[in-house]
Amino acid sequence: MLIVFEGIDGSGKTTLSNRVARELRRAGLSVRHVREDGKLASPVSEGLRLFTKNPRNLALTPMAELLLYAARETQLLEEVTRPALAEYEIVIADRFLYTAEVLARWGRGLPEHEVRPILDACARGLQPDRVFLIDVDPAIARARRRITKLLAPPQGTSSRKGLAGVGLQARLRAGYRALAAEAPEQWSLVENADVPLDTMVGLLVQEVLRLVKGDVPSSNPVRARPAPPLRSLAEVRGRFLARLDGWMQEEPQLTAWFLAGLEGPDIDERRSQLAGKHPEVIAYGLSGLTDTNAWELRRQLEEAAPVHVLGSLRELAADVPEAWALRERWETRKQEAVAESLGGLDSERAWALRERIYFSAAEQVVGSLAGLGGERAWRERSRWLSDMGGEAALGLERVARIACRSIRGVDDDRAWEWRERAFEVAPDAVLRTLDGLDSERAWEMRERHVARAPRAVLGTLEGLDVPRAWALRESFGVQCEEALDSFVGMEGATAWKLRTALADTWPAATVKNLGPLAFTSRGRTLIERLLESHPHDFALLRQAVRATRDTTTQEIRNASA
């Protein structure tokens, strides 16, 4: 019997499939999991997975990607899954050929009549006895993945799939749900939200045992309780905090993550509850906060999570005394994190600190020069390149990525020479260096590569109020919500037209996009409408909390002025 777990990245399918496999073994069944603990049992399949993941392969076309994904799953089927079916009572797979189908059709836009014959040929008649679709809000899935990366930073580069932007996850989720709706006799929808993990594992084990006995399983074995509609904007904060409190015992790190960037006594209370057990996540969430409670919490957490506390300084201005005191306390113990906290700072104090820690944290010092194009910055870059012996000492790709971090937002000839040298091995990193650039060379590069990497390209448009920027936003906004992140707080007919057009496609990003416009009656009306139209969108709820908190604060200030 073949049992498949499917779902978007971060849905929890790997955790659930492994737990279910262990429980079935305890029940006396012989079970083979072909991706035990998240690693494909076929080395060939694992190699293909790493190839398709590598952002170096930016030029990979949708059809070539489909064939590689199909090859990965076919190799696993032939090498591991089919032999296991002859030996074990139950074979569990974390992903099947459906992954390739959903990515190709819903993710990349290939037509069904081109995709299905390829995957049918690969399957050679093999179909799962049951597919558990682990369904989750993409915002929650994304948070789970980012927490994992925060606590255990991955070796190597980010995923090529991530270059498509957050919207890809939403499209993939829609694709999986469409496949499940087409074949309810084969698929079961499992809603992985607000249901304790142990409860979910127990229900799934019972579903598999029913299959073993020949009974008909449920098409919806695990369903979350739907939230009632919001009756007013005043309910937003209470609803949001209630959701976080529901995760406090089962997924406290998720609660800690979604507290990031928020202020208020109720938020501070929850941070304090979680700080002792999850200091890294709480410290990360202090980024950009400068209130008294934030500084006190940094002081409390710096011994337990110094790297993340220092990381929370990156968005602060150069002249914050508390930030400099914190850097100086850790200057001799965490030089790399201290150097990274200096990103973009051009003060004499910042340069003096770079000089003192250079030989202990050269890569991070060079990376902190983003946005700095003067002779002093270029002397530091040249020094680094010379000190490490050119490109051989660290490996070409690593050198290229460090160099790209250093030249983000720099538009002189030397920066373009570095981009040209780096593009072959780190094209995604090169695209991210175009932050805020309005030169012809920058626009040509954006327009040439935006279709392959819309997230990376649109992310460089922040603050650009020029026709070519609006043209890219309008062309890719429907598929990539990062278009909204690039004109936060902008007013004017063009900005409002695009904001309104994308509002129901990306409601949470639209509220975030309002920025200070949330203080206006037009902004508040838009927030209220979106909450009414999308009452179950958790990301929207969180952004509305931020906007309404800021709005309330602004209203108090206006009243006292």
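**Contacts, a helix face and an enclosed strand**

Student: What makes a residue a contact of Phe-240, and which are they?
Tutor: Contact means heavy atoms within 4.5 Å. Beyond its neighbours within four places in sequence, Phe-240 meets this with Phe-258, Leu-262, Phe-538, Leu-541, Arg-542 and Val-545. The model is predicted: local features need pLDDT of at least 70, side-chain atom pairs pLDDT 80 or more, while totals for chains, interfaces and linings use all residues. Residues are numbered from 1 along each chain as its sequence is written, and side-chain values use heavy atoms, without hydrogens and water.

Student: Which residues of helix α21 are called buried?
Tutor: In α21 (residues 413–422, a DSSP run of H or I, at least four residues), they are Ala-415, Trp-416, Trp-418, Arg-419 and Ala-422.

Student: How do you know where on the helix they lie?
Tutor: Seen down the axis of α21, the buried residues fall within an arc of 155 degrees (directions from the axis to the C-beta atoms), so they line one face. The face turned away from them carries exposed Asp-413 and Glu-420. Helices α19 (375–387), α20 (396–406), α22 (427–432) and α23 (440–449) are among what covers the buried residues of α21.

Student: Why is strand β4 called largely enclosed?
Tutor: In β4 (residues 130–135, a DSSP run of E, at least two residues), 6 of the 6 residues are buried, so the rest of the structure largely encloses the strand. Arg-130, Phe-132 and Ile-134 are buried on one side, and Val-131, Leu-133 and Asp-135 on the other.

Student: What makes β4 and β5 a pair?
Tutor: Pairing takes at least two DSSP bridges. Strand β5 (residues 187–191) and β4 have 5, in the parallel sense, and therefore pair. Ile-134 stands opposite Val-190 in β5.

Note on methods:
Buried < 20%, exposed > 50% of the residue type's maximum accessible area, 1.4 Å probe, protein only.
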